[in-house]
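Here are a few exercises to work through with the model open. Try each task before you read its solution.

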Amino acid sequence: MKNDLSALSNFAPTRRQLLGLGLVFAGAAALNVVPGFELLASAQAAVPAAAQKIADHFSAVKSMSGEFVQFGPKGEQTGGKFFLERPGKIRFNYDGSSNFRVISDGRSVAILNKKLNTSDLYPLSKTPLKLLLDDRIDLSGNRVKSVKEEDDLTTIQLSDKSVFGNARITMMFDPKTYDLRQWTITDAQGKDTTVMIFNTKEGVSFAPDTFAIDYTANRELNTKTR
């Protein structure tokens, strides 16, 4: 996997690919369900015990860092490093000359492109990243759209229509260690963007400014470009 990353050092992710990290917004058209999943019959259907154990285990991981590779809907690839801290904080540093950054500070998500000098800002509460970064992954109600248990993978698909419309996030875990392996976001056209993580470390500490968003700079930059 490291060889893949080194070969992708000059790849600049598109806006669609950046959105694949979890920025699928409320009001989007209905999304396609990932083929092959067994849908839960109703909101009252019991969540499998294995799925709840996995959710509880991942919720207990309060901080994590590692590397990622992102696959776009047409097979595009890029990668970099990520940092996660519950609740609500995550940062993706993309490899390559464009110097992309995606940062959530627990309130907002910023997409930064230093090469083009752009900064886009969105509320975290309106993205599927909220489900991934909550203090506790909540499988109650009708959030669970599907669960698939296999020997080498347990897949849980979640959504919360009341928060971000029909957007869905599909998380894939190791059934033995309960470790998160990857997640997939499906956009309004039914196209998938997948993020795989590896070389992860849990229980790490970060510098105070790791998840900081400069709101003043964002406001000034977007005022100038209008």
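**Exercise 1. Find the elements that line the largest pocket.**

Start with the elements: β5 (108-113), β6 (118-123) and α6 (215-224) each bring at least two residues to the lining of the largest pocket. Helices (H or I, at least four residues) and strands (E, at least two) are DSSP runs, numbered from the N terminus. Before going on, note that this is a predicted model, where local features need pLDDT of at least 70, side-chain atom pairs count only at pLDDT 80 or more, and totals for chains, interfaces and linings use all residues. Residues are numbered from 1 along each chain as its sequence is written, and side-chain values use heavy atoms, with hydrogens and water left out.

Next, sort the lining by type: seven residues are nonpolar, five polar and two charged. Here Ala, Val, Leu, Ile, Met, Phe, Trp, Tyr, Cys and Pro are nonpolar, Asp, Glu, Lys and Arg charged, and the others, Gly among them, polar.

**Exercise 2. Describe how Phe 68 and Phe 92 are arranged.**

Recall that a pair of aromatic rings is described by the distance of the centres and the angle of the planes. A search of the whole structure turns up eight aromatic pairs. Phe 68 and Phe 92 make one that is edge-to-face, at 5.3 Å centre to centre with 85° between the planes. (Rings of Phe, Tyr and Trp, its six-membered ring, pair if their centres lie within 6.5 Å; planes under 30 degrees apart are stacked, over 60 edge-to-face, the rest tilted.) This pair links distant parts of the chain, with Phe 68 in strand β1 (residues 63-71) and Phe 92 in strand β3, 24 residues apart.

Finally, zoom out: Phe 68, Phe 82, Phe 92, Tyr 94, Phe 100 and Trp 183 form one aromatic cluster.

**Exercise 3. Locate the ring under the charged end of Arg 86.**

It's Phe 58: the charged end of Arg 86 sits over that ring, 4.4 Å from its centre. The criterion is NZ of Lys or CZ of Arg within 6 Å of the ring centre and within 35 degrees of the ring normal.
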